[in-house]
Amino acid sequence: TLSEKSFLVYFNDQRDKKLGSTLDSWRSVGVYLNAYASKYYGGELTFGMLDVEFLDGFKEYLMNSKRVSTGTNKLHINTAAHYLNIFKTSLYQAYRTGKIRENLSIRIPSIKKEQTELKYLTIDELKALVKTECRIPIMKSAALFSALTGLRFSDIQKLTWSEVVHQKGKGYHLSFRQQKTGGMETHPISEDAIEYMGKRGQPQDRVFEGLVYSAYTVSMVYLWVAKAGIERHIKFHDFRHTYSVLQIHAGTDLYTLSKMLGHKSIKVTEQHYAKVLDEKKREAANRIKIK
């Protein structure tokens, strides 16, 4: 029966449909899920074993588990929250497709994340990166492309030339389906961004052919940033933040920015960039002087 079938196999099938950093996150969740099932359930995890007790236990396990990669230090609370949300996504998918009768994803509260410092680059820092050599040229091109477009790594990695459209008098735009949300996007891009895409290939070819996300490529991004004289710990996703912050400072309205980022609502954009927006509000408040 369905209740006797392995949820772990189902989870891995869902995982294998992901790309880039999203795939890496799903892989990590799979590791912790396997470890939890092995420790408390003898390694077995069928659909029939999924209940509130299991969910609460796995949540607690993530919040107190050490890093599998090192065996030391607890998972950061935000990482645990992210991993739990991925697990809940898999549960919702199982419910939506009839694998389980109850939507268990709503039976377990999410882990509250800590407020973290938003990291982004200035225009001068981006210019320094342009002039600095990177050991993985395709990663450099993709990172700068992200800073100029706001695209996530997963969407850049799977972008094909058929999704790069030119309209006479209007310039270039991307027409693609977001990896994270599944929504179709029409995304205008600048002439500067076009330069980092290289020579146009066949419609089915990847624009950033050979772009992969791994521990090695992440370390090469850190090294590239350091060589440019930037002393902060910058990750690939921070290039997307860079695009957002620079757009806010340039005066782009929140509705437009939300659409460009592919957010489901303006509220999501506000939550991500609350501190930057508060700073802009203070600047606006001080513009009107009567003395």
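Trainee: What should I know about the model before we start?
Mentor: The model is predicted, so local features need pLDDT of at least 70 and side-chain atom pairs count only at pLDDT 80 or more, while totals for chains, interfaces and linings use all residues. Residues are numbered from 1 along each chain as its sequence is written, and side-chain values use heavy atoms, with hydrogens and water left out.

Trainee: In which sense do E1 and E2 pair?
Mentor: Strand E1 (residues 164-167) and strand E2 (residues 171-177) are antiparallel, over 4 bridges. Strands are DSSP runs of E, at least two residues, and helices are runs of H or I, at least four, numbered from the N terminus; two strands pair if DSSP finds at least two bridges between them.

Trainee: What stands opposite Val-164?
Mentor: Leu-174 in E2 does. The two strands form a hairpin with 3 residues between them, and Gly-169 in the turn has a positive phi of about 85 degrees.

Trainee: What is the strand order of the open sheet?
Mentor: The order is E1-E2-E3, with antiparallel pairing. E1 and E3 (184-188) are at the edges with a single partner strand each, so one side of each lacks a neighbour in the sheet.

Trainee: New topic: is Lys-59 buried or exposed?
Mentor: Lys-59, in helix H3 (residues 52-64), is buried, meaning under 20% relative accessible area with a 1.4 Å probe, protein chains only.

Trainee: Which backbone oxygen does the Lys-59 side chain reach?
Mentor: That of Pro-109, at 3.0 Å.

Notes:
Buried < 20%, exposed > 50% of the residue type's maximum accessible area, 1.4 Å probe, protein only. Lys, Arg positive; Asp, Glu negative; His and termini not counted. Salt bridge = Lys/Arg side-chain N within 4 Å of Asp/Glu carboxyl O. Polar contact = N/O pair within 3.5 Å; in protein donor to acceptor, adjacent residues only side chain to side chain.
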